[in-house]
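Welcome to this short tour. Open your viewer, get ready to select things by chain and residue number, and follow along one stop at a time.

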Amino acid sequence: MTFKPPRLRSIRWSAGIVALVSLSSLMACNKRPPLEHLVPSDIETTVFLIGDAGEQDPRNPSVVLDSLFAQASVAPDRSVIVYLGDNVYPDGIPEEGRAQYADARRRLSAEVNAVPRGARGIFVPGNHDWAGETAFGLYSIRLQGRMITNLAKGNNVQMLPENGCPGPVVVDAGRLRLIALDTQWWLHDFIVRDSLSNCINTIGEVTGALRQDVEQVADGRIVVVAGHHPLMTGGQHGGYCGLSGFFRRLSSLSQDILGGQNRTMRDSLASAFKKKKPLVYASGHDHNLQLMRGPEAQYLLVSGAGSSDKTECAVYLRESYYTSQHRAGFMRLDIMKGKGALLTSFEFLGSGARGYPFSRWLELR
Amino acid sequence: MTKRHGLLIAILGIASFAPGNAKAQASQEALEILRLYATPIGALPAISLPMPAGRNHSNLIARIQTGYRKGPSGTSLPATAAGLDLQYRGGSVFGVTAGYQKRDCKIVESCGWHPMFGARAQVNIITGGSTLAKLLRDNSTTSTFGAEVGAGYAPHLTDSTRVCSLDMGLPFSIAKRREQPRLVAYITPGIVWDTNCGSSGIPPDHSYFTGLGFGFQQIAGRSLDVYFGFQKVYRVHTGYEIGVSVTYVKLPK
């Protein structure tokens, strides 16, 4: 008696197993560790990253800033709040006496007041802070720097880099090395220095200084570079989102990823990060929340949803881990003692309720 | 020869001739359909517009496609092809394809496989999703509307027939889901022109077509996608085409 192996059946079974394994590997996703599960005493530093927060409703309190204040108030001594630019819409701080002055002060005041006593606040400048990219930009930046110091009333809140300088400015706090940049300095079409400036003068020098700051860091430390303009984005400034995105791709504006000046800026930063990538490059500019895998830094982060009235579209890119569009919010990075850095995103629906809970270990524990 | 014999011979002659004409007629129609199937647009499954990527870089995409359909005689006409695409600055794609399709032995003289080649450009015009995200109540929705143009060439459909094709389409795709993998559904209505490419034979013709399908796209820097495509060309006696495409995007490190 001969036995015929059930070839067809075994092929089907094999195909089924292969399909299941492939699908499960496709479906494999990062286990989301809820922030609530962290032991507070294990957290060394918490960095709050919020961008484009300079457009608050003059009547109602900002849900985003309220939540930011509440979270930072839990442990202000280990909290660093980084405003990622566009701190005052639409055109930064005007000259005193102008009609817009009081309103600009109101906007900045709300942000400074969201930094609880004991926490550190850092304001990185954005293109709107440079007087909306106009010739008054350098002077508007200086006015904003002074105003932040005044509003802080002795608290540890300041603009970095200040005085219209490009940076880099290094802030060390435990394992964290935060490097602040003023990326509008690369893109501004008007005066960027005068006799009062006391900073590096050329793009080459800035790149060199940044390279040094990133590379000369001991193993085990976490480097976060913060600038207003993103190195990658699935938002409007990346030429996405509606028909306007199509025309933006053609027009090559300096504020957009495809612009020539923007490319110079990105090349400058990419060159500085070539030998040693920072863990995170954090930016704002596009009014949404995004986390992407980056060739320049290990993670590229866009957190520009600080104003509820200005949220915009964002598309999922091939590099995206997370994208949130049309929702206000911010991100927080909890740096653990020893090892581990957990990124958590907070997005708020129109009603004020929390949106999709996203978190990811950027450095595994 | 009597009148009766003459009439009989005439009837037999007509009878013997008529099927020959009918066969030639049928084979001409069948050849025309085969011509439509012979280049990548007819032989391979429809594929989605590429997933958007960062504008910082251009990416290379490797592609393997396999399609299946039945020929005019009912014979299976599987086709397999490989392609290489360039995704320019995270958006539009320009690519070439080379592959083989089985011949319909009941219609053409020789059996075996015939080679086919193609070139295709897919231009992303609008990539967004806000409106659809609201309609679908899914904040992760991304939609892409574009335009595509493709050209195909099959040098040996038969020993004496070359085939050229040109097609234009308006692809639209919707992707959603926050986790791996993203789900994408797509549709491409279009028009295809097919000719004998200078070789003698059937006059040129054109038809409308619809390609559609669904697939799984990876995110977070992973880049292996799988698409299941379906296509219908609106010409008499043409069937459906189904197939699978697998693409791999090489992202910068």
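Is the crossing of helix 6 of chain A and helix 8 of chain A left-handed or right-handed? Before you decide, keep in mind that this is a predicted model. Select residues 203–215 of chain A for helix 6 and residues 260–272 of chain A for helix 8. Their axes come within 8 Å and cross at roughly 35°, and the crossing is right-handed.

Now show the side chains where these helices meet. From helix 6 of chain A, pick A:Ile203, A:Val206, A:Thr207, A:Leu210, A:Arg211 and A:Val214; from helix 8 of chain A, they meet A:Ser268, A:Ser271 and A:Ala272. By class, this contact has 5 nonpolar, 3 polar and 1 charged residues.

Next, select helix 2 of chain A, residues 63–74. Its 12 residues should span 16 Å at 1.5 Å a residue, and the 17 Å between its end C-alpha atoms agrees with that. Color the buried residues: A:Val64, A:Leu65, A:Ser67, A:Leu68 and A:Ala72. Look down the axis of helix 2 of chain A: the buried residues fall within an arc of 160°, so they line one face of the helix. Turned away from that buried side are the exposed residues A:Ala70 and A:Val74. Among the elements covering the buried residues are strand 1 (43–50) and helix 3 (101–113) of chain A.

Last stop: show both chains. Here 34 residues of chain B are in contact with 34 residues of chain A. On the chain B side, the largest share, 4 residues, comes from strand 4 of chain B.

Terms used: Residues are numbered from 1 along each chain as its sequence is written. Chains are lettered from A and ligands numbered from 1 in the order in which they are written. This is a predicted model: local features need pLDDT of at least 70, side-chain atom pairs count only at pLDDT 80 or more; totals for chains, interfaces and linings use all residues. Two residues are in contact if their C-beta atoms, placed from the backbone, lie within 7 Å. Helices (H or I, at least four residues) and strands (E, at least two) are DSSP runs, numbered from the N terminus. The expected span of a helix is 1.5 Å times one less than its number of residues. A residue is buried if 20 or more other C-beta atoms lie within 10 Å of its own, exposed if 12 or fewer, and partly exposed in between; C-beta atoms are placed from the backbone. The arc is that of the directions from the helix axis to the C-beta atoms. Axes are lines fitted to C-alpha atoms, for helices over the stretch in contact, and angles run from 0 to 180 degrees between N-to-C directions. A crossing is left-handed if the near helix is turned anticlockwise from the far one by less than a right angle, and right-handed if clockwise. Ala, Val, Leu, Ile, Met, Phe, Trp, Tyr, Cys and Pro count as nonpolar, Asp, Glu, Lys and Arg as charged, and the others, Gly among them, as polar.
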